[in-house]
Amino acid sequence: MAKNNFDILIVGVGGQGVLLASEIISEVAMKSGLDVKKSEVHGMSQRGGVVSSHVKIASKVYSPTIHYGQADVVMAFEQAEGLRAVDWMRPDGVAIVSETTLVPAIVTSSRKFSYPDDAVAEIRKKTDRVIAVPADKIAGELGNPRLVNTILLGVLSNYLPFDMDLWTAVIRAKVKAKFIDVNLAAFGRGRQIRLENVEA
Amino acid sequence: MKELLSGNEAVARGAYEAGVKLAASYPGTPSTEILETLATRYRSVYSQWSPNEKVAYEVGIGASLGGARALVTMKHVGLNVAADPFMTQAYTGVNGGFVVVSADDPEMHSSQNEQDNRFYARFAQVPMLEPSDSQESKDMLVAAYEVSETFDTPVMLRMTTRISHSKGIVELAEPTQGPEKKFVKNPAKYVMIPSNARMRHVALTERLERLRQYSEATPLNVVEKNGSKIGIITGGVAYQYVKEVAPDLDYFKIGMSFPMPLQRIAEFIKAHERVIVVEELEPFYEDQIKAVGYEVQGKAYFGHLGELSPERVARGLKEAGVLKTVPVAAIPAAQGMFPRPPVLCPGCPHRGAFMALKKLGVAVTGDIGCYTLGVLEPLNALDSCICMGASIGSAIGMEKVKGSEKGTVAVIGDSTFLHSGVTGLMDAVYNNSNVTVIILDNRATAMTGGQMHPATGKTLMGDDAGKVDIPTLARALGVKNIAQIDPYDYDSVLKTIKEQIAAPGPSVIITTRPCVLMPKRIMEEPYVVDLELCNGCSACFRISCPAIEASSQANEHGHPKAEIDSSLCTGCTLCSQICPTEAIMLKSQYVKG
């Protein structure tokens, strides 16, 4: 029997679209006939703080949160947040990390803290199973900076057993009509990116 | 029909299916989305925001007296505010079914404490149901109305953040009407003068005995047999964590957690060599089981602080000798990472007040809302935060004992002021306090997502509404010194706060800018930094605006010069007002040299 349980941790910064991405994955999983739970914390996290969403897919899901260190995929919308969360991943998992950098005001205003020079390189020191995604660059080429989450979903789709038709249907249902085509294009660009194509 | 619903959405769906006629609440994480879902998706249920949880609770009592099924929802600390009607409604019982949802916040993701509200059910002797996922959140709400009407009692549905904010697949049912009832006069039952209340206390005690029998029989409490010698007693989200890490043990899953089914639990304990209790926060089950003489173990392995999680439960079970191995993380955690705390938004109208308060060095008693973030670096401008409305009373006490030589200022938001600041301000007038109260009026309950309140002119369901005028209200309370200020005008903010601290008697300063996110996102022309004029002094960095970033250029000391992200800048102008070299200007005025 093919593997059908997947634990996906999605991290980013408030406002980046983490929750929409986890919503899309969960809907796709449900429509495929599997059980799914997703968990995140609202409230304080909205104000530019770290946002994380746990998505668990299986024939029967119990815990709404992932067992620490056991995520099959860590998907980060921001590279330093990818570094902060990569320890949640199993050694044979995949880290999908957008090269996006967002330096918080606390780092700028306080000399106590520093932002890593190259968070993707730091992640690579911990695991070679990293896909660094130039998501901002691709989004720029597609003419809309707000496509980072859909591009990452495209990358992720290579590691989940769901048909392209399901992804397409859910994206159509979840994004505004005038943005459907560009989101599907962004998803398609992401889907071309796989671990084995990435130069480490 | 199946849908992916959060626990909160599932409760709203349950209210719709159960034929609830009225729902009332005050917003509070993690409970807020229950009423928001009713108001958007299930509009056949009349739903309203009340000024606070106590009023919401009392509105619910009235609807129940009137014969309708009523729902009131609140975060855990909201039930402290509503505890007064809650404790006595336990005596009167109900007419239409009545359910109070208490959404607790273990781990304090967005709260000032992590009190375990299960004790409230026992305290009031009110039955309590504890769902463990979204499906149960819906189904148990429906069941709660049956319990409420069968036993003539309010019922508590106790949620936690992980239940409220996790989504799962929910099988939906068709909506029903609920029983048709009208108000029937019955003062002996509903008028709690001492002679009646004594009788009702007897009725409450008898009801509790019947509820105990119900709890022993109800399918809300489930035994799962897998043939293990070790048994687990658990409930709420803790059940899901234990099932995740030890699926093949025997389980006693508690769904009705007050009164507890202690006889059935005793049978379960006798049928196993060893029984472990897994519950989040306090030893609520464990202590009650031990009190009837059974040896179980629990808190010794799992602790009572914060949220449980699969790994915490697994480690506890390993320590207990139940599990031999526990999966561990193989990839080491990053060390020395910077924090990324939540911050006031770019253009937030609270920023100017905190910049001024920091500069003045006065004692600042704070309150609950976005502005609580004023405590964080680099603003560091808040000295206390206890509960909704506490800023004003605390400032009065501090000022009476002259605890702060530079003066005492209370800082409170508009929604919090209406929730429970009004009585504090009344106290300041009545007792001749010299406090200065800054009401940060951004015309929204912003921290929970911009909900309406009695001074916004709109209801939860979107209708036009009467509007409290805050300056008029302050004047009516007897405050003579009232100033309204534009919080984007830094010099005037500073000057006004100084004047009002010096003025005798209580004074009120009201800021006049709306929240930049609600009801409409405000984006005026952005500002830019002229890097030739910027000297890298970092004054603008210290106002903690997410739009201001370090540029790649540095001054002679190696300190970075500033730049502004024009996609985030709202054009509030504060940074340009405090820039000593006038390097920050409107984008349209910036001419590249």
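Two strands count as paired here if DSSP finds at least two bridges between them. Helices (H or I, at least four residues) and strands (E, at least two) are DSSP runs, numbered from the N terminus. What you're looking at is a predicted model, so local features need pLDDT of at least 70 and side-chain atom pairs count only at pLDDT 80 or more, while totals for chains, interfaces and linings use all residues. Residues are numbered from 1 along each chain as its sequence is written, and chains are lettered from A and ligands numbered from 1 in the order in which they are written.

Let's start with a sheet in chain B. Seven strands of chain B form an open sheet in the order 3-2-4-5-7-6-12, and the pairing is mixed. Strand 3 (46-49) and strand 12 (256-258) of chain B sit at the edges with a single partner strand each, so one side of each has no neighbour in the sheet. Further in, strand 2 (residues 22-25) and strand 4 (residues 70-75) of chain B run parallel and are joined by four bridges. If you want a spot to look at, find Ser25(B), which stands opposite Thr73(B) in strand 4 of chain B. As a reminder, strands of a sheet pair through backbone hydrogen bonds, either parallel or antiparallel.

Now for the helices around that sheet. Helix 7 (residues 134-151) of chain B lies across strand 5 (98-104), strand 6 (128-129) and strand 7 (155-160) of chain B, at about 165° to strand 7. That angle is taken between N-to-C directions on a scale from 0 to 180 degrees, with axes being lines fitted to C-alpha atoms, for helices over the stretch in contact. Contact, in turn, means that the C-beta atoms of two residues, placed from the backbone, lie within 7 Å.

Helix 2 (residues 33-41) of chain B is mostly covered, with seven of its nine residues buried. A residue is buried if 20 or more other C-beta atoms lie within 10 Å of its own, exposed if 12 or fewer, and partly exposed in between, with C-beta atoms placed from the backbone. Among the buried residues of helix 2 of chain B are two glutamates, Glu33(B) and Glu36(B). The buried residues of this helix pack against strand 1 (2-6), helix 1 (7-17), strand 2, strand 3, strand 4 and strand 5 of chain B. In the loop between strand 2 and helix 2 of chain B you'll find Pro30(B), joined to Thr29(B) by a cis peptide bond with omega of about 10°.

What about the nonpolar interior? A nonpolar core is a set of buried Ala, Val, Leu, Ile, Met, Phe, Trp, Tyr and Cys residues joined through C-beta atoms within 7 Å. The largest one has 167 residues, and those with the most contacts inside it are Ala15(B), Val99(B), Ala144(B), Leu157(B) and Val437(B). Helix 7 of chain B gives the largest share, seven residues. Leaving aside neighbours within four places in sequence, Leu157(B) is in contact with Val99(B), Val101(B), Leu129(B), Met140(B), Leu141(B) and Ala144(B). A second, separate core of 62 residues includes Phe6(A), Met30(A), Ala95(A) and Val130(A).

That brings us to chain A. All six residues of strand 4 (residues 71-76) of chain A are buried, so the strand is largely enclosed by the rest of the structure. Four bridges tie this strand to strand 1 (residues 6-13) of chain A, running parallel, and Val11(A) has Ala76(A) as its bridge partner. Strand 4 of chain A also runs parallel to strand 5 (residues 89-98) of chain A, with five bridges; there, Ala71(A) is partnered with Met89(A).

How do the two chains meet? In all, 48 residues of chain B are in contact with 48 residues of chain A. Helix 8 (161-164), strand 8 (166-171), helix 11 (237-245), helix 15 (310-319) and strand 20 (548-554) of chain B each supply at least two residues to that side of chain B. Strand 2 (residues 35-40) of chain A runs antiparallel to strand 8 of chain B, with three bridges between them, one pairing Lys38(A) with Lys167(B).

Lys402(B) is exposed, with 10 other C-beta atoms within 10 Å.
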